[in-house]
Amino acid sequence: MEIKITKTTTPSVMPPEESLGFGKVFTDHMFIMDYNDKQGWHDARIVPFGKISLHPASTVLHYGAEIFEGLKAYRRADGGVQLFRPMENIKRMNRSAERMSLPLLEEKDALQILETFVRLEERFVPKSFGTSLYLRPYMFGNDESLGVHAVHNATFMLIASPSGSYYAEGINPVNIMIESEDVRTVRGGTGYAKCGGNYAASTRAGERAAKMGYSQVLWLDGVERKYIEEVGAMNVMFKIGDEIVTPELTGSILPGITRKSCIEVLKDLGYKVSERLLSVDELVSALESGELKEAWGCGTAAVVSPIGKLAYNDKEYVVGNGGIGEVTQKLYDILTGIQWGKIEDKFNWIHKL
Ligand SMILES: *Cc1c(COP(=O)(O)O)cnc(C)c1O
């Protein structure tokens, strides 16, 4: 694929690494390409970062046809830059596109876009451990008509944001509220797709939990409100006795790449990992009996995030000793070790640039 590059004439200064935060500053450029039924994907280009204009009737503004991905470029100690399992993100984006009737990407083109873009913006990949250049590919339906029909025009974009360490102040356990009113998605819906609409529908519960002092909600399934699904925008895992349990992918859960990697690392370490249904009743009895030893969320942003307290129906339970558990810490060390190139990547997950 040919990518036309127009460089900015006003390069910005990379902000100090300590001040980065998440998703607030962007690199100098952005990638765009367009799709229509006749030409397929075309006009792939990298242009200076800036506002885009949309037709007021654009599909995405009315019917929410939008999907996205999130991955990071990591700086190794030797100065090189690498990605973590980028093909997994590309394949997932195509599964999301298929669900939302958006056009698929050619896998090798998508990888070329990521590589070309990160090489161009390399100076924005911060250097300290825990920091990264966050990459946000996204796609939206862009027909200029209000008719409700399959998408005939779409736009794919990639922007990037140098981001600080998620754990700049140390790994602090988070407090989570089990949500029993709103649901995130249902089986047959869009739960397994990484789409903006899932987030729009989740915000209310998250805001309510925040007002009560909880940082995220733990979702229950949308049919019986009985089975654990995921936490906020992370997958979730529990150590109950000697078994590590994570909800099986029933269709309403986002198949996280961190989740998949955690399962592979844990199995490699010899743990018993079960992907199965886990009811909130089973979870509460494990909390009451003390069998629940550890709980953590997992996702690209935080890698793993220990859960210190869980609240359900006005009761609050402390998980384990309320701190970071042994397995959680091990996963954090191994995954971040591979991602930032500090330990050997025996799984072959790293894609060097
Ligand atoms: C992106 C996402 C995750 C985590 O997926 P990773 O591939 O591990 O980053 C989990 N849940 C939801 C709802 C998500 O959008």
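Guide: Let's begin with Cys 195, which is buried because its relative accessible area is 2%; buried means under 20%, exposed over 50% and partly exposed in between, with a 1.4 Å probe and protein chains only. Before going on, please keep in mind that this is a predicted model, in which local features need pLDDT of at least 70 and side-chain atom pairs count only at pLDDT 80 or more, while totals for chains, interfaces and linings use all residues. Residues are numbered from 1 along each chain as its sequence is written, and side-chain values use heavy atoms, with hydrogens and water left out.

Cys 298 is in no disulfide either: the nearest cysteine sulfur to it belongs to Cys 262, at 4.3 Å. Cys 298 is buried too, since its relative accessible area is 1%.

Helices (H or I, at least four residues) and strands (E, at least two) are DSSP runs, numbered from the N terminus. H5 takes in residues 257–268, 12 residues in total, and spans 16 Å from its first C-alpha to its last. That is close to the 16 Å expected at 1.5 Å a residue, the expected span being 1.5 Å times one less than the number of residues. Cys 262 is one of the buried residues of H5, and others include Ile 257, Ile 263, Val 265 and Leu 266. Just after the helix, Gly 270 takes a positive phi of about 95 degrees.

Now for the strands that H5 links. S13 (residues 243–247) and S14 (residues 272–276) run parallel and are joined by five bridges; two strands pair if DSSP finds at least two bridges between them. Going from S13 through H5 to S14, the chain makes a right-handed β-α-β crossover. Right-handed means that, with the strands pointing away from the viewer, the path from the first strand over the helix to the second runs clockwise.

Stepping back, the protein chain has seven helices and 18 strands, and 53% of its 353 residues are buried.

Key
A disulfide is a pair of cysteine sulfur atoms within 2.5 Å.
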